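Hi everyone, thanks for coming along.

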Amino acid sequence: MTVVIDRTKSPNPNGDQGPVSAAAAARRKAGEGGGSLYKPRTPIYPKLVHGRWRMIKWALLVATLAVYYIVPWIRWDRPGDLPDQAVLVDFTGRRFYFFFIQLWPQEVYFITGLLVMAALALFLITALFGRLWCGYTCPQTVWTDLFIAVERLFEGDRNARMKLDASPMSFDKLWRKTGKHAVWLGIAFGTGGAWIFYFHDAPTLIRNFWVGTGPMTAYVSCAILTATTYVFAGTMREQVCTYMCPWPRIQGAMLDNHSLQVTYRRDRGEPRGPHKKNQSWEGRGDCIDCNQCVVVCPMGIDIRDGAQLECINCGLCIDACDEIMVKMERPRGLISYDTDHAVASRETGGVKNLYRFVRSRTVFYAVALTIVSGLMIWGLTQRSAVDLHVLRDRNPTFVRLQDGSVRNGYTLKITNRSFAPQTFTVLIEGIPGAQLKTPGAAIASDRLSVVVKPDEVRAVRVFVTAAPSAISAANMPVRMTMTSPTGEARVQTNFLSGEANAR
Amino acid sequence: MSEHERETDAISGVETTGHEWDGIRELDNPLPRWWLWVFWACVVFAIGYWVAFPAWPGVNSYTQGLLGSSDRRDVASALVELDKVRGAGAAGLKNASLQQIEQDPELQAYALTLGQSVFGDNCATCHGAGGAGAKGYPNLRDDIWLWGGTLDDIAFTLKHGIRSGEPEARISMMPAFGRDKMLTPVQVQDMTEYVVALSGRPADRPAVDRSRQLYADQCASCHGVDGKGDQAQGAPNLTDGEWLYGSDRGAINGQIHNGRGGVMPAWGGRFSPETIKALAVYIHANSGQ
């Protein structure tokens, strides 16, 4: 029997004991206070900034949130019992709807194609203009921006927030903090609450959700997204980008010296230093070391250190610096969208504004994107509304009838992707005078007529009988053809009769 | 392994357990604190579980637990639920005739699915998974039927069986002509040639001629003058290529001598009328009719 003895506490507290674990060693090494293996988050208090890029960010924030919240409510009339929601991922009905496109689960490769397109577009945009996605449209950026705006509403701007956090608990601090977290949770709930409408009919679900009869998946998804939104945008913020997101690491391969990035123009800014009024600008750089670019940064970095993994290229430091430059009566654009190559070129007295759009990588991404988009469009326009699968009976492979003729059984799976009932004519080619019969039909005939309901797959049993004179081989290749006014399908299969019957 | 004094390791400063394996000693490091917490949490959980759920066996019973949970009862109620779910589908079969079931695409699909499952569980043992039969067990996929192949014929056979002992069972009796000394071995031999000739195969002419009168007297009442059989009596057609007990002379001779007849159980007592209907439609559909 194992005896559990707690020795986490030293039996001899005064004795000189070696480290008992890596964590303990690290704790010991870190000394008093810093007893963690993990780097604690340094709080960041981004200051509100005004300017061109901030305006663009506000506009995109409103636009992207509007798309997210409004899309599930767009109606799109479809016949019969089919859902009238323009964009719907219908797991129960196993369909994906996007306006005039309807995809079946077996066509999931269109979604794959879409993801490939999105990736290539992201690569192209990044190679040309840097991390536009990160800075303006990534949900993490948008929601964090929104949460910081709420924080500012309750706790004031940077200095007020820093003072509040440093102050002891008081009624004022309590209501501000409580109010902020309450609104954050409200937004987080709204985020999770909107997500679920993409998976069910929105007007039905919103009613069922509130009366408590919604599907369990809706409540669980809503709860999970509420929690992640609150944690990611409220408390983790830049840590998500720096530690969790793979994209900052991948971008190193996308960017080159010619990519536009938020850049501190060190050729113009250095040597930096404080500047007194009426002091000459001769022999020094334009950067007055006011740190405005640092205090507005939501990632807590100094852009003057150059391009770095943490920088999401949001452009807020551009606005902050421009504001100062105007005050200093110096030209704007000390921090600007620029390329490493241009900066280096100006430093050596070369061409002033060198910018090359056409580079081997941008051409490659553009060509790849064009090819994939072309394939997608071709695939979508060419895909058939009908589909035929033929499953040959294997047990028994064939049956010999009283008069010596041979019968094979098949199961036909006929897919009707259109929104109207279709009547298909099924024929078999390759056996002279073959007779087709389906259960329930009065007589056998050389063709079958099968009605398939809209948006359905129907399995039909078909028995093919060949007269002894028509059997030329033990294994005859045959072709099932299926035609309807909207399309046709052909499937190669076999008619087996055994050596004895083929003679 | 040998026992040693507990001592303090010079490098790490941690006490050893005092055990030694080929010179290797083990540091007696404390358990990780998280592990301890999980351990105690499990202990607390286990005590709670004993109180809330059935846990301890007694002599005649067991501790029931405060929550009154019972897997046995859950299974019973789940089975009741299952019956309800199946009832919804079976209602369609209940009210429709066999012909209506086969004509209606949705009822047919339901019957075929149900029929396939029931066939696999109960019929495939003798008739084969695909229903193609075996020696002594009729092939259900062709157009040759001993007792008739219409939907109603099949349903009747399923319900009452063949030679099953059920009052309404289908009964036919091929006499054991040889074994019961109704015919001499030579006559059985000649009759074998006659039956071979009936199925259009070359046979010993004199033997056939010798048997002609005997066939009319002994066999024609059931198998018909022309040998085409009679489904009303379950008498097989002797002119086609299908032979339940084998087609060669030895097998035919054996059948005239012994007069074998198989037994098909009556399923009416075991299956609901809806299941019999589904099975009949499944067999009828797969026979290509």
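This is a predicted model: local features need pLDDT of at least 70, side-chain atom pairs count only at pLDDT 80 or more; totals for chains, interfaces and linings use all residues.

Now find chain B, and look for helix H7, residues 185-198, and helix H8, residues 205-218. Their axes come within 8 Å and cross at roughly 100 degrees. H7(B) and H8(B) are therefore roughly perpendicular to each other.

Which residues in H7(B) and H8(B) meet? From H7(B) we have B:Gln187, B:Asp190, B:Met191, B:Glu193, B:Tyr194, B:Ala197 and B:Leu198. Their partners in H8(B) include B:Arg205, B:Val208, B:Leu214 and B:Tyr215. The residues of this contact divide into 8 nonpolar, 2 polar and 5 charged.

Let's step back to chain B as a whole. Chain B is divided into domain 1 (2-52), domain 2 (73-169 + 264-286) and domain 3 (185-258). The C-alpha centres of domain 1 and domain 3 of chain B are 88 Å apart.

Over to chain A, and to nonpolar cores. In soluble globular proteins, nonpolar side chains tend to be buried together. The largest nonpolar core here has 42 residues, and A:Val262, A:Val296, A:Ile303, A:Cys317, A:Ile335 and A:Tyr337 have the most contacts inside it. Helix H14 of chain A, residues 316-327, gives the most to this core, with 6 residues. What does A:Cys317 touch, leaving out residues up to four places away in sequence? The answer is A:Val262, A:Cys293, A:Val296, A:Ile303 and A:Ile335. Apart from that core lies another, of 31 residues, including A:Leu388 and A:Phe495.

Technical notes:
Residues are numbered from 1 along each chain as its sequence is written. Chains are lettered from A and ligands numbered from 1 in the order in which they are written. Side-chain values use heavy atoms; hydrogens and water are left out. Axes are lines fitted to C-alpha atoms, for helices over the stretch in contact, and angles run from 0 to 180 degrees between N-to-C directions. Helices (H or I, at least four residues) and strands (E, at least two) are DSSP runs, numbered from the N terminus. Angles under 35 degrees count as roughly parallel, over 145 as roughly antiparallel, 65 to 115 as roughly perpendicular and the rest as oblique. Contact means heavy atoms within 4.5 Å. Ala, Val, Leu, Ile, Met, Phe, Trp, Tyr, Cys and Pro count as nonpolar, Asp, Glu, Lys and Arg as charged, and the others, Gly among them, as polar. Domain bounds come from an automatic or database domain assignment. A nonpolar core is a set of buried Ala, Val, Leu, Ile, Met, Phe, Trp, Tyr and Cys residues joined through side-chain atoms within 4.5 Å. Buried means under 20% relative accessible area, exposed over 50%, partly exposed in between (1.4 Å probe, protein chains only).
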